Amino acid sequence: MLDYIVVGFGLSGLSFVEQLEYHGKSYKVYENYSQKSSRVAGGLFNPVILKRFTLAWQGCKHIEEAVPFYKNIEAKLQQSFVTRLPILRRFNSIEEQNAWFEACDKPFLNRFLSLDLIRNTNPALDIPYQFGKVEHTGRVNIEEMLSSYVRYLKTNNNFVNASFEYNKVIVKEDGVEYDGIKAKNIVFAEGFGVKSNPFFKYLPLYGNKGEYILIKSKALKLQEAIKSSIFIIPLREDVYKVGATYNDQDKSSEVTKAAREELREKLERFMHVEYEIIDQVAGIRPTVKDRKPLIGTHPEYQNIHILNGLGSRGILISPTVAKELYMSIEQRISLDQEIDIRRFDAL
């Protein structure tokens, strides 16, 4: 009998598998690549909400867990995925500059927000009110990290590239059985795919579509990520990821012309050099109305669990909440009420 079956291998699935690896548990991962939100995400780890200059939910706690977590994966797979990358917030007015300085004086935020404004010297950009700099931030190459980890799982015969058929789950007193495989526990980490999951589709996960364009520009010459109404994120020489959109109506996985034009229009408000769009990607973020994750154990089946609802900050929070779910299963440590799915028991 295995210790765990894990369904889904985005950021949440990877984070939980790392807990299983650390504790020496046996497991099997099922993934069909139908959900793309982790693989297309920008990959920035940043605990500051740059629209309002406030700290993200438990931001300091999460970033202290996240950075060592991803560095450990680098060491384990003997590859590089993490890049230190400052973020420059473009100010739109003197009022925004003043709000930035007020935020710099607040506890925790003063660790990340620099008091020294940065004057723009890049002729490609129109930045009349200067930049604020966010420090101790960076980027994880999520797509490459997930692909490398899948190769590691395949080497150890722990990965199944197949759609998961919920009607084949047999719940038993001592665990579950699926397609002839017995396990003590099953964890669903499917992202937006949970909407088809009969065990957890009652949960209020509604999804939010995000699209990015990839551009190539020899004249842009950025060494930092730029945040205006959108992000410009350097990927490699002359190639940048620009986005993202937020659409809570369209639940398709296809890229759209409307999103591409929206991103172009926002980009060209402050970038005035030639560029070429070389790709466009889309994914459905697993979002929840109260903006908190969906973590916990099924109200009826004590061996069936969920790790989901990480929204647009999965890169930051997945290592922490995966650890908390593991501890709740193995050591019966109560989950924080803010993330426990029991907050929706009345649904």
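Me: In which loop is R291 found?

Reply: This is a predicted model, where local features need pLDDT of at least 70, side-chain atom pairs count only at pLDDT 80 or more, and totals for chains, interfaces and linings use all residues. Residues are numbered from 1 along each chain as its sequence is written, and side-chain values use heavy atoms, without hydrogens and water. R291 is not a glycine, yet its phi is positive, near 60°. Its place is the loop between β18 and β19 (294-297).

Me: What is omega for the peptide bond from G243 to A244?

Reply: Start with the place: A244 lies in the loop between β17 (239-243) and α6 (257-267). Helices (H or I, at least four residues) and strands (E, at least two) are DSSP runs, numbered from the N terminus. The bond from G243 to A244 is cis. Its omega is near 5°.

Me: At what angle do the axes of α1 and α3 cross?

Reply: Take helix α1 (residues 11-22) and helix α3 (residues 59-77). Their axes come within 12 Å. The two helices are roughly perpendicular to each other, a label for angles of 65 to 115 degrees. The axes cross at roughly 70°.

Me: Which residues of α3 does α1 meet?

Reply: Contact means heavy atoms within 4.5 Å. On the α1 side, the residues are L11, L14, S15, E18 and E21. In α3 they meet F69, Y70, I73 and K76.

Me: How many salt bridges does the count come to?

Reply: A salt bridge puts a side-chain nitrogen of Lys or Arg within 4 Å of a carboxyl oxygen of Asp or Glu. E64 and R111 form one, with the closest N and O atoms 3.1 Å apart. By this rule, the count of salt bridges comes to 21.

Me: How many residues apart in sequence are the parts that E64 and R111 tie together?

Reply: E64 lies in helix α3. R111 lies in the loop between α4 (94-104) and β8 (131-134). So the pair ties together parts whose separation in sequence, in residues, is 47.

Definitions and conventions. Axes fitted to C-alpha atoms, helices over the stretch in contact; angles between N-to-C directions. Parallel < 35°, antiparallel > 145°, perpendicular 65-115°, else oblique.
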